[in-house]
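Student: Could you go through this model with me? I would like to begin with the contact between chains and then move on to other topics.

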Amino acid sequence: MLTYILRRVAATIPVMGLVALFVFSLLYIAPGDPAAIIAGDQATTQQIAHIRATLGLDKPFVIRFADWLWQVLHGNLGTSIFTNLPVLKMIEQRAPTTISLMVITLVMSIAIAVPMGVLAAWKAGTWVDRLIMVMAVMGFSVPVFVVGYLLAYTFALKLPWFPVQGYEPLSHGVWPWLRSLILPSLTLGGIYIALIARITRATMLEVLSQDYIRTARAKGVGRRAILYVHALKNAAVPIVTIIGIGFAALIGGAVVTESVFALPGVGRLTVDAILQRDYPVIQGVVLIFSFVYVLVNLVVDLLYTLFDPRIRY
Amino acid sequence: MWLKRRTFLGASAATTAATLAAPAVAQAASVLKFIPQSDVTVLDPLWTTAYVTRNHAFLVFDTLYGMDANFNPAPQMVEGHVVENGGRQWTLKLRPGLKWHDGEKVLARDCVASIRRWGARDAFGGTLMHVADEIVAVDDNTIRFRLKRPFPLLPAALGKVPSNMCPMMPERLAKTDPFKQVTEMVGSGPFRWNAKERVVGSIAVYEKFQGYEPRGGVASGTAGPKVAHYDRVEWHIIPDAATKTAALQSGEVDWWENPPSDNAMVLKADKNLVTRIIDPTGLIGSMRLNQLVPPFDNPAVRRVVLDAVYQKDYAVAIGGTDPAMWHVPVGVFPPGTPYASDLGLKRFTEKKDFAQFKPRLEKAGYKGEKVVLLLPTDIEVLKAEGEVSADMFRRMGFNVQVDASDWGTVVERRASMKPIGQGGWSVFSTFWAGLDQLSPAWHVFLRGQGKAGGQPGWPSSPKIEALRQEWLAAPDEKAQKALAVKLQEQAFVDVPYIPLGQVFWETSYKKSITGVLGPIPIFWNVRPA
């Protein structure tokens, strides 16, 4: 198992290298000039050219890529063109918000979606099943920002229970931290809940029709034990897979949610950097996101062994 | 504008006395929460002309002169000045008690280095540097300018509010290459930058500088006493307009710099808020025609376009249907400001018969060349402006190609001098603060230096340049006004750009605060109501 983990971690290196090359190339050929954005609307072309040269943006692709890669290999993601701050520091400043948002969303989504899916499968064909599936379709269909605005309007503006915007760090207390993340997590969790609930239902329906479930029922095993001990454990592999795949959707959704609720997270950092063409920040963030995504997939693969002892690495 | 020695020294003596008499204002941990137009990603006001950076700079950095609400320069860091040798020598005396945020005393040599750095980046500053034979620190408190010729606009240059303002910083920072960003924020303004609490894209924090000694008098624009009534000013960066509206309505923030017109309507209906115009010069739309490539290399074609512009179309598209939120017609200077003139403006309000433009274009020499219009889609006002222009060009009979992209791409592409077939462009429009067009001294659109000017479009007009030089040397306001009229007249002949109308923006704040000045967001003088 340890060898497998080490092999998988080592395999991330070429993946990251390819991601780095791809992102760098994409930004190189994409239109837009950070020097022109920095200089402002009133700057002359000479001033823009001067800034471009100062920032080294006039150097050839190979030299710029080599410079950046060399820095990355030394653990330095570079410096923001605009703020002059180290990219790593900017990500460090933003990471707690995004991690908090994702963790709460993940926990909340699994806690809501899995029982919903199980219940829908158990009550398949009844109004309970249909209601749950309608809710799941709505979760998919209503855009994240619409959910965000509706929640903020209702529970922050009309009923002032939660803040409209902003993030309170955990160091300010558990309740203020949680309070600032409840609406964003509900917003972000909508699609995720829908996705997990549907997969859980589908997988559970398949498992519940298996012979061993019928046997368990015949032996008089209780409903709860059948669902959560016998069936759910065997349905877990596809559910865990979809949780892993959905993580990418979560990253994408975080960008919108962080913008709607003005959360200073990595998602917003990415959007701001893209709009400004802050190349080092974009490259740094994409690299980190890729690494996290690869790690999540590794964790998912390892979880398979927990739910299905037949799987061995 | 000629400033008399005794007037200034007299005024400065009075203001010093008033400063001494001014009560110290201190309130316990009071915080003013503000939503700026965007994040202040660049901190150095000379590294960019972005308005948000300029607004940030006025908190942190003081200026030698301020600009009052009537756009006149007034002493700020200087106690007064003496003009000698027929206007060729200016001696500026710093007022006592000025300190940098690191506790060091403000010295004349710091200011000299700051002026030099500013002069390397700002167009008006460059003009001053060109005229100056020598700028020296005579002693710790005295700055002397020795000039090639009289330059009565010296206080106006050092006190200008439009970007780039002239920020004073310690010599060690002011000696930074003007094309490299200064990121250590040490100024001598009424607020100090709190770098520790800064989170890019989220919050910027300014703390009251206890060592600041405001001058006396009445606060007006960036002139007069800069009394900080709040211990902290927090800039909260909120990207979404609906969230900003909700944050202001729920009381989570105190002040939103520039709500878009849709949101401003909602905020105006809120009895707990004040929503009003603080900048009478507003924003002025401007269309740039690329004079390096056909068809707009032909002045006759440009003049036909000038005649086809119906400013109200632009004003309504951007400012909405409420006429209080826009003004037409607009010439090359903002309406209601000292140099504004009605000369030639009738064309902008006459209803257009577009059928007449096609033969006029042909007569002017238009041969059906492709006109590439750069249309930014991510900034709502610029998108609306571009769409109105595209419609106008089509109706005139131009062969129009609209290239839509984000603003970042437009900014890059408009710098291209290449022909149309190689990625070049023909026309783009933008909106600038009226303040930027207040004076021929810093009116970047009203230039005709061609390629040397470095402004996209590269307008060439030796006559405009000559008139500008005359204006800079004009002995009094009467002569300046007469030359400003001539500048407008010439601008409608050479067409370096086309004004598209004036739109006003509003600011919105809680009724629990008062003392909000203009024409830009100013944080001194603001206090609990």
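**Interfaces and backbone**

Tutor: Arg277(A) and Asp406(B) form a salt bridge, in which the closest N and O atoms are 2.8 Å apart. Please keep in mind that this is a predicted model.

Student: How many salt bridges are there across the interface of chain A and chain B?

Tutor: The rule finds 1 salt bridge across the interface of chain A and chain B, while the residue pairs in polar contact across that interface, with both residues at pLDDT 80 or more, number 17.

Student: Which elements of chain A give two or more residues to the side that touches chain B?

Tutor: They are α2, α3 (45-55), α5 (87-122), α7 (144-158), α10 (223-260) and α11 (266-276) of chain A, and of these α3(A) gives the most, with 7 residues.

Student: And what is that side made of, by class?

Tutor: The side of chain A that touches chain B has 19 nonpolar, 15 polar and 6 charged residues.

Student: How many residues does the contact take from each chain, and what area is buried?

Tutor: The contact takes 40 residues from chain A and 46 residues from chain B. About 3,700 Å² is buried between the two chains, and carbon and sulfur atoms give 52% of that area.

Student: Switching to chain A by itself, how is it divided?

Tutor: Chain A is divided into domain 1 (2-73) and domain 2 (88-307), and the centres of these two domains, taken over C-alpha atoms, are separated by 32 Å.

Student: What area is buried between those two domains?

Tutor: About 1,700 Å² is buried between domain 1 and domain 2 of chain A, with carbon and sulfur atoms giving 76% of it. Of the area that domain 1 buries against domain 2, Arg8(A), Met16(A) and Leu27(A) supply 32%, which is more than any other three residues.

Student: How many salt bridges and polar contacts are there across that one?

Tutor: Across the interface of domain 1 and domain 2 of chain A the rule finds 0 salt bridges, and it finds 1 residue pair in polar contact, with both residues at pLDDT 80 or more. On the side of domain 1 that touches domain 2, α1 (2-29), α2 (34-39) and α4 (61-73) of chain A each supply at least two residues, and the largest share, 12 residues, comes from α1(A). By class, that side of domain 1 has 17 nonpolar, 2 polar and 3 charged residues.

Student: New topic: where are the cis peptide bonds in chain B?

Tutor: One joins Ser163(B) and Asn164(B), with omega at about -5°, and Asn164(B) lies in the loop between α5 (154-158) and α6 (171-174) of chain B. Another runs from Pro294(B) to Pro295(B), with omega near 5°, and Pro295(B) is found in the loop between β13 (283-289) and α9 (299-308) of chain B.

Student: What about phi at Trp458(B)?

Tutor: Trp458(B) has a positive phi of about 45° although it is not a glycine, and this residue lies in the loop between β17 (427-433) and α14 (462-473) of chain B.

Student: Is Trp458(B) buried or exposed?

Tutor: Trp458(B) has a relative accessible area of 1%, so it is buried, the cut-off for that being under 20%. Val495(B), another residue other than glycine with a positive phi, has its value near 50° and lies in the loop between α15 (477-494) and β18 (498-503) of chain B. Val495(B) also counts as buried, because its relative accessibility is 0%.

Technical notes: Residues are numbered from 1 along each chain as its sequence is written. Chains are lettered from A and ligands numbered from 1 in the order in which they are written. This is a predicted model: local features need pLDDT of at least 70, side-chain atom pairs count only at pLDDT 80 or more; totals for chains, interfaces and linings use all residues. Side-chain values use heavy atoms; hydrogens and water are left out. Helices (H or I, at least four residues) and strands (E, at least two) are DSSP runs, numbered from the N terminus. Buried means under 20% relative accessible area, exposed over 50%, partly exposed in between (1.4 Å probe, protein chains only). Domain bounds come from an automatic or database domain assignment. Buried area is the accessible area (1.4 Å probe) that two parts lose on being put together, summed over both. A salt bridge is a side-chain nitrogen of Lys or Arg within 4 Å of a carboxyl oxygen of Asp or Glu. A polar contact is a pair of N or O atoms within 3.5 Å; within protein, one must be able to donate a hydrogen and the other to accept it, and residues adjacent in sequence count only if both atoms are side-chain atoms. Ala, Val, Leu, Ile, Met, Phe, Trp, Tyr, Cys and Pro count as nonpolar, Asp, Glu, Lys and Arg as charged, and the others, Gly among them, as polar. Contact means heavy atoms within 4.5 Å.
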